[in-house]
Amino acid sequence: MTHYWSPSPWGRRLSRSPHWHLRRMDDRFELTVDAQRYSLAVAASQAWRVQRGPLWATLWFATEDGDLRLGGLPDAQAHELQALWSASVNVRRLDQRLEEANEALAQVRAWLTEADALLQQADARHCWLTLEQQQTVLRRRPTLPLDEDALWAVFDDPTLRPQLDGTAAEVEDDLLRWAGDWEARFASHNEAHLQYARSEAAELLARVERRPLSGEQARAVLCFDSRVLVVAAAGSGKTSTMVAKAAYAVERGLMAPDQIVMLAFNKGAASELQQRTAAAFARLGLRADDVTACTFHALGRQIIGKVTGRMPEVPSWAVDAAQGFNHLADIIDRLKDRSLHFRTQWDMFRLVFARDLPPRGETAPADGWDTEGNRYVRTLRGERVGNIEECVIADWLFYNGVDYTYEPHPVLDTATDTWQPGCADFFYPGTTLYHVHRMDDAPGVHARGSDAVRLETTAAQLRSGELFDALSDALTAHDLALDPNPDRELPEDGARPMPDSELIGLLRTFISHAKSNGLSMADLAERLRRLPEDRFKHRYRLFLELATPVLHAWDDALAAENAIDFEDMLNQAAEYLEQERYQSPYLLVMADEFQDASRARARLCRALVQAPGRHLFAVGDDWQSINRFAGADVSVMTRFDDIFGPSQVLQLAQTFRCPQALCDASSRFISRNPAQIAKQVRSSTPAQGAALQAFQVSSRDRLQDAIYQYLQRLQQQVQSGAIAPGPNGRLTVFVLGRYNAERSYLPAHWTSRFGADLELSFLTAHRAKGAEADIVILPAMLERSFPSARADDPVLGLAMPHADTFPLSEERRLFYVALTRARRSVVMFTVQGKRSPFLDELVHDDAVAVTTLNGEPIREQACPVCGGGVIVQRTGPYGEFASCSSYPRCQYKPNGR
């Protein structure tokens, strides 16, 4: 069809337009202007426009020679041209949508064919469809030229639907399947496979261990996903699950025995895994010779040896914790001898900066309370100051030999009717200098004489360290020389500094975490820089100044012996795997006690399964992560997906050990930390007596006799038949101390006295991990004992990507471990006025009631000031009076008497 447009003679003259005419030939326009021809597509609407006038219209065309202005077109022709153009554009737009829709359908069908093939192959082979396979096909899902709504709009258009490739039913089915929930479809396949596999493997699941596997255990065995984390409650049979999984993999031909490795935390656990695997395989008539069970470090050493041709040396002092501590102490002594600056900084940290400042808005623990109930912190010189900030300043002055007097100016908090720290004055005898330190929100300073020179500092300056530079300059200007001396005699009532041993232990733990995470000192400095400004950054900076030469000296000592330590070994082995310098032979990597894995262990696991078709099966209980001092990082479990990618998280929540009441109490206790993985622990163990008991005595020196009496009663109940003994004819009893020193609470000759009926063992709570007994005794549930007063230092957070900041988080997990060692009952002993806050928490939860040894309820009034002691009657020179049992730490007396 041909259309023709040109200006009218008058229109062209009056508009002063050149000679032009426009002709449409099919889907193109031919424009002639003064014998110059141009061609453009009808649908190219962006290349032209019509400007209507009172008599004639003007056309504007964009050409390669520039924009053309063509006037004189009669309005009727302009209207016809616009209508034609609009219709052409609409047709072209529909054609383009149809073309894009058919292109999208082709891409949809190609992807559906791939996804269907994956499911059909998994169905035919009766195998699990792994997240790795799912993610691979989902990542290939194309980005369509039309979005889903636009594609459906084309299908719903009755004029376009017949022009789509395929019948309407085929197109609709493809679109519906494309829009479906493929993750749910993959999950549905796996559920169906699980039911099939459970039926096929019924005999194996029943015979592989001494008793048939539970439903949860069977699911974990049969789930052969690429990345699986099994969160296993205490006593839930995780070792049985690991052994059964290895047997199932071999029996079903999923992999050969030598393609399976089981990684354990220590040699004892690795040996148990090997023995349990051999026994299970023997029951099934399988050979277990080639299944490897070893420690992470043994595997790392083997990998390095195969790559380099030489097994790396690990000195004994880098293996044994006690030797490592002593070796580090020797390194530090040598650094002190060589560097006066290092020695000064070392002692400065111990004496002045041993305690961290809490973030703004939080309150640091008090050293005590006066008779009016006011909190105080004790300085090295023995003063009672209002808060930790004033204590740091006073201790800095004392350490540097500066004489001072201290004058507090507390402010009354009308909301609580208590005195709170406001500002404090420090005076320096023999000078006109007085120094006012105030909290950030404290009122202004007090006026002094006209000849006084005032130095004012704030909490922000203390945290950044600016305060100490300003104070040093001011003291020097007033002829007061600094004389740092760690050996300056401390008054008898002065605060005790951090022991050298504690700082050495802190540095050893810090080095372990820093190396495990592959952090250089530059990395650590950058992490310090990024800390919030309300942290005590000056303290952290001083600690890094100590850690830097210590870490270098540690590595130099290794290099001198041509050796590496465990952290180096794990990271080096992982690096060889990551660089593909070593090809892992293992298709199934199982990691035991994963809650105690370090970042280096996690890195090695990830590298072992980086190739397609590999399986990682990690088992652990984040509620029992208690080895931070040895480099463990609970975040490798709580942030498993961040490290290993999309993962299946399964639970073994049925315990075969603790009765339900004990499960409920311990679960409620540990779950108060929101960072712990939630689970509902169920027990299959019937209750035998009270799950929790707590006995209180009047003083610490009565604990030993109380425990003796309890053991004697327990023995009598076993002999009378009131309590059934264990399978070996005796009742097993663990006495679990927070520290080895708590062995002293046990009665003399206790093993020989009760050994005929009671199988007694003393262990620390740490060493009891993995063990169990009928009865667990906690001999010293005392404040500042369990939980330990030596809480994890916040500086460790510099070396840990996701440090757990919940108060006493590691101690809470250790207490949970202690509680869940018991098959029948946990018995706790405490002292009047010194009750552990953990025990108080159980009492508050109505999990246990504290009684005397004879079962009489304890009725006492808690001290309203310190919260730890109770009000007791005492006798003094003026008769009886009531006061806090925590005296002299808390000097509160009701009514101020």
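Reply: One begins with the criterion: a salt bridge is a side-chain nitrogen of Lys or Arg within 4 Å of a carboxyl oxygen of Asp or Glu. The model shown here is predicted. By this rule it contains 48 salt bridges.

Me: Which residues are linked in a network of salt bridges?

Reply: Side chains of opposite charge can pair when their charged atoms come close. In this model, such a network links Arg657, Glu772, Asp774, Arg823 and Arg824.

Me: Where do Asp347 and Arg350 lie?

Reply: Both belong to helix H13 (residues 340-351), three residues apart, about one turn of the helix.

Me: Is Asp347 buried or exposed?

Reply: Buried means under 20% relative accessible area. Asp347 has 5% and is therefore buried; Arg350, at 10%, also counts as buried.

Me: Which parts of the chain does the pair of Glu759 and Arg730 link?

Reply: The two residues form a salt bridge, with the closest N and O atoms 3.6 Å apart. This pair links distant parts of the chain: Glu759 is in strand S25 (residues 758-764), while Arg730 is in the loop between helix H25 (703-720) and strand S24 (731-737), 29 residues apart. Glu759 is partly exposed at 28% relative accessibility, and Arg730 is partly exposed at 27%.

Me: How is the salt bridge of Asp840 with Arg835 described?

Reply: Its closest N and O atoms are 3.4 Å apart. Asp840 counts as partly exposed, at 27% relative accessibility, whereas Arg835 counts as buried, at 14%.

Key
Residues are numbered from 1 along each chain as its sequence is written. This is a predicted model: local features need pLDDT of at least 70, side-chain atom pairs count only at pLDDT 80 or more; totals for chains, interfaces and linings use all residues. Side-chain values use heavy atoms; hydrogens and water are left out. Helices (H or I, at least four residues) and strands (E, at least two) are DSSP runs, numbered from the N terminus. Buried means under 20% relative accessible area, exposed over 50%, partly exposed in between (1.4 Å probe, protein chains only).
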